[in-house]
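Subject: Structure handover

Hello,

Here is the structure I promised to pass along. My notes on what turned up follow just below it.

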Amino acid sequence: MGRWEPDAAGRLREAAMALYAEHGYDGTTVADIADRAGVTARTFFRHFADKREVLFAGSELLEQLMVKALADAPADATPMEAVAAAVLASAEFFDDIRREYSRRRQGVINATPELRERELIKMAALTSALTNGLLERGVAPDVAPLAAETGVAVFRVSFERWISDPDGEPIVDVIRSTLKTLSGLTA
């Protein structure tokens, strides 16, 4: 591919995923990714800070989407209802097109300790953002982090179920099911 072709970021993501599958994360360099995508390393760095970020780009958008849904929840919503709205909003970020990419991405992350650590850091940042959003809604300081942690747990369990589901159930339905299961645990 020539350097002038559109969607360099998308080509870089696909090249990285293919190379991670072929050679492993540790066996792949930025130069390898750029070469496979048909761009220069300089172009790579215009889109991603490092080869890890190829896998984590978009995390900020997901966080913003969820925090906005939390803020937009009805004023009389309980903390868990507001968190549920945030987790359900995450379904907008994912769709069936992203399912296969998400499966492959998670496989690379699960196989690499450095990436598992990065994933945990991203989840901690999401928990912190939801906690702050709940505090801004007036939720008590001892309740907000518990509700946020619970919401992130629902998100993580739902995501794992969604990428593992051979039947292709939409992620929003998986999230609803996980929330229902949680409700049963606390009843």
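How many helices and how many strands does the chain have? The chain has ten helices and zero strands, so read along the sequence it runs α-α-α-α-α-α-α-α-α-α (helices, H or I with at least four residues, and strands, E with at least two, are DSSP runs numbered from the N terminus).

Before the details, please keep in mind that this is a predicted model: local features need pLDDT of at least 70, side-chain atom pairs count only at pLDDT 80 or more, and totals for chains, interfaces and linings use all residues. Residues are numbered from 1 along each chain as its sequence is written, and side-chain values use heavy atoms, with hydrogens and water left out.

**The chain as a whole**

The C-alpha trace spans about 55 × 35 × 30 Å along its principal axes. Of the 187 residues, 43% are buried (buried is under 20% relative accessible area, exposed over 50%, partly exposed in between, with a 1.4 Å probe and protein chains only). Among contacts (heavy atoms within 4.5 Å) with a separation of 6 or more, 67% are between residues 24 or more positions apart. The chain exposes about 10000 Å², and carbon and sulfur atoms supply 56% of that area (Shrake-Rupley method, 1.4 Å probe; for residues, only the protein chains shown count as cover).

**The largest pocket**

The largest pocket has a volume of about 670 Å³. Of the 30 residues that line this pocket, Leu-55, Ser-59, Phe-93, Phe-94 and Arg-105 are the closest to its centre. Two or more lining residues come from each of α4 (53-56), α5 (59-72), α7 (96-110), α8 (113-136) and α9 (144-164). By class, the lining has 15 nonpolar, five polar and ten charged residues (Ala, Val, Leu, Ile, Met, Phe, Trp, Tyr, Cys and Pro are nonpolar, Asp, Glu, Lys and Arg charged, and the others, Gly among them, polar). A pocket here is an open set of points on a 1 Å grid over the protein atoms alone, where a 1.4 Å probe fits and protein lies on both sides within 12 Å along at least five of seven lines; lining residues have an atom within 4 Å of a point. The volume is the space filled by probe spheres set on the points, which are joined across faces, edges and corners.

Helix α1 (residues 8-23) has 16 residues and should span 22 Å at 1.5 Å a residue, which agrees with the 22 Å between its end C-alpha atoms (the expected span is 1.5 Å times one less than the number of residues). Its buried residues include Leu-12, Met-17 and Tyr-20. After α1 comes Gly-24, with a positive phi near 80 degrees.

α8 is followed by Gly-138, whose phi is positive, near 95 degrees.

**Toward the end of the chain**

Gly-168 sits in the loop between α9 and α10 (171-186) and is partly exposed, at 29% relative accessible area. Val-174, in helix α10, is buried at 2%. Leaving aside neighbours within four places in sequence, Val-174 contacts Ser-158, Arg-161, Trp-162 and Glu-169.

Best wishes
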